[in-house]
Amino acid sequence: MGIFVAGDDFGVEVDNIDWDTEDELEIENIPLGSHASLAFPGVEANMASSSAGPSNSKTVDYFIGMGFSAKMVAKAIEDNGEENTDSILETLLTLSALENSPPKQQHVDTDDSFSDYEGSFLDDFSDLDSDYENEATAKPVSDADNKMTFLVDMGYSEDEAYAAIERCGVHSSFAELTDFISAAQISKAADVLLGDLPVRPKPKNLNGCSKLNKRRHYDDDTWKKKKPRCFEDEDDDTIRLPNPMIGFGVPNELCLTVHRKIPEAAMGPPYFYYENVALAPKGVWNTISRFLYDVEPEFVDSKYFCAAARKRGYVHNLPIHNRFPLLPLPPHTVHEALPLTRRWWPSWDTRTQLNCLQTCIGSARLTDRIRRALEDYDGVRDPPLHVQKFVVEQCRKWNLVWVGKNKVAPLEPDEVEMLLGFPKNHTRGGGISRTDRYKSLGNSFQVDTVAYHLSVLKDMFPGGINLLSLFSGIGGAEVALHRLGIPLKNVVSVDISEVNRNIVRCWWEQTNQKGTLIDLADVQELDADRLQYYMNLFGGFDLVVGGSPCNNLTGSNRYTRDGLEGKESILFYDYFRILDLVKCIATKTE
């Protein structure tokens, strides 16, 4: 597969987009209006011309080439005159803003110059039957009826559509309505799943450890139904994200003393540490918490540990006092992390930290379009506000940094490694492509954040630790423990990606680890017999760490955001299955 670089909005194939990251677009609340992929006055347009008259055909062609409809361009020129291109552009931006246009006036453009990835929410459904649009414009209908019809046409039932509109309000966006329906479906599915787990019978295998089938279909009646736990208001049992997102404390930040009680079933050892995206569909973290012994999640944004945001939830049974950070402390601002950018950074780009680091990067075409747009205003102190707005939005969205006059560029893989706390060249070489490097790094832990949580283990395991690393990726947990000075005695690392397994093994050899590394490909093949073999060989596991795939949880995935029932994210249940088996086997051998 060739390098996928998002942000190149000409001919992007949506099916090829890698949805491996979580919260990139939601973290900064970046608007995704149709103006996100516009060129600016002074940037050459290469699109086909329209049928406008000779007096204004060049101007019409120019704006049609930017993706606006001929009707919209004609109206903007009529209102502002042919010569005032800045005013025409502002008018077109206003007309194309979906949130300010009633449904019957919305234009869903299917031209390739608008990337479906960068477009508005409604652009996702631009291939709907045109009969619906004709009907919507033929007769006036209420906003609620319009939304009801649209949701039903999308495949939702009338009851689901009605409940969403009733609960969220008539003026809610389609994104809010569909998120509500999806969350309700996920919650219902989770309740059905939990309802199939009866009371645990007498032990019959491994003195209390029953084998489980792959995924969530269990072959033994062994699990007791877990009751939902409310961490917030009595009226709403959904776990809410804290603000600020500092969990049970972060370095150099004042916070109230936290006391938490770990449920008896969750007590370690063995200790466990589970990570996933914080901005998951409604109800997901409730389900994760219920399965992981009702332990309350700790939500932390890595912007308190490094120069890039990374909002994550962590469920663990580790102590939360006497933590300490890795030293030296990493840079906390862009200019500290990338000092050469300071010279070129314009005053109107007020970013001090980067957005969540992704699995894909902005394209060369996007950065060239930004350069040419800015060069048209070299003679003035600052470009116009609408140009500044466009540039800053794209820089936030794709983590572009300033590398020269009017020049922005994506982060290099080694810069991403540094921001995430990995050693330089951790993912470099060995036949690993730049595409694979970005993908592996975008799915990894932020090492400094994880190390802060794991630091309590240093005094507990001075002689070293036995680690079971599930979905280990490029070894974020292993690197964190190593940097903390905790010897890795025995590590069983499981990851489906051969690229990731090679990266971990290369790091293991380069750092002269004295312990034993066993790498496996598939968590679903890790059954009770195999676990018991390794635990007998090593004397048990001290820590079970992992973060199952977030593909179906992320806010940027608008196509298969199916929660824990999604094709990839359902592997969470394998983390729970394996963890529970480890705990059962450990109890047996005591």
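## A tour by selection

Begin with Pro 328, which sits in the loop between strand S3 (311-316) and helix H10 (334-337), where helices (H or I, at least four residues) and strands (E, at least two) are DSSP runs numbered from the N terminus. The peptide bond that leads from Leu 327 to Pro 328 is cis, with omega near -5 degrees. This is a predicted model, in which local features need pLDDT of at least 70 and side-chain atom pairs count only at pLDDT 80 or more, while totals for chains, interfaces and linings use all residues. Residues are numbered from 1 along each chain as its sequence is written, and side-chain values use heavy atoms, with hydrogens and water left out.

Select Gly 268 and Pro 269 next, which are joined by a cis peptide bond with omega about 0 degrees; Pro 269 lies in the loop between H8 and S1. Arg 260 is found in the loop between helix H8 (174-195) and strand S1 (271-277). Leaving aside neighbours within four places in sequence, Arg 260 is in contact (heavy atoms within 4.5 Å) with residues including Phe 248, Glu 296 and His 316. The C-alpha atoms of Arg 260 and Glu 296 are separated by 8.6 Å, although the two are 36 residues apart along the chain.

Now move to Tyr 293, in the loop between helix H9 (284-291) and strand S2 (298-301). Tyr 293 is not a glycine, yet has a positive phi of about 65 degrees. Most residues other than glycine have a negative phi, and most peptide bonds are trans. Is Tyr 293 buried or exposed? Tyr 293 counts as buried because its relative accessibility is 6%, where buried means under 20% relative accessible area, exposed over 50%, and partly exposed in between (1.4 Å probe, protein chains only).

A second residue of this kind is Phe 471, with a positive phi near 50 degrees in a residue other than glycine. Phe 471 belongs to the loop between S6 and H17 and is buried, with a relative accessible area of 14%.

From there, select helix H17 (residues 476-483), which is mostly covered, six of its eight residues being buried. Those buried residues are Gly 476, Ala 477, Glu 478, Val 479, Ala 480 and Leu 481, and they pack against elements that include helix H15 (447-454), strand S7 (488-494) and helix H18 (498-510). Just after H17, Gly 485 takes a positive phi of about 85 degrees.

For the last stop, select Asn 276, whose place is in strand S1. Asn 276 counts as buried because its relative accessibility is 2%. Leaving aside neighbours within four places in sequence, the contacts of Asn 276 include Trp 285, Arg 312, Ser 548 and Cys 550.

Finally, show the whole protein, which has 20 helices and nine strands, and of whose 590 residues 54% count as buried.
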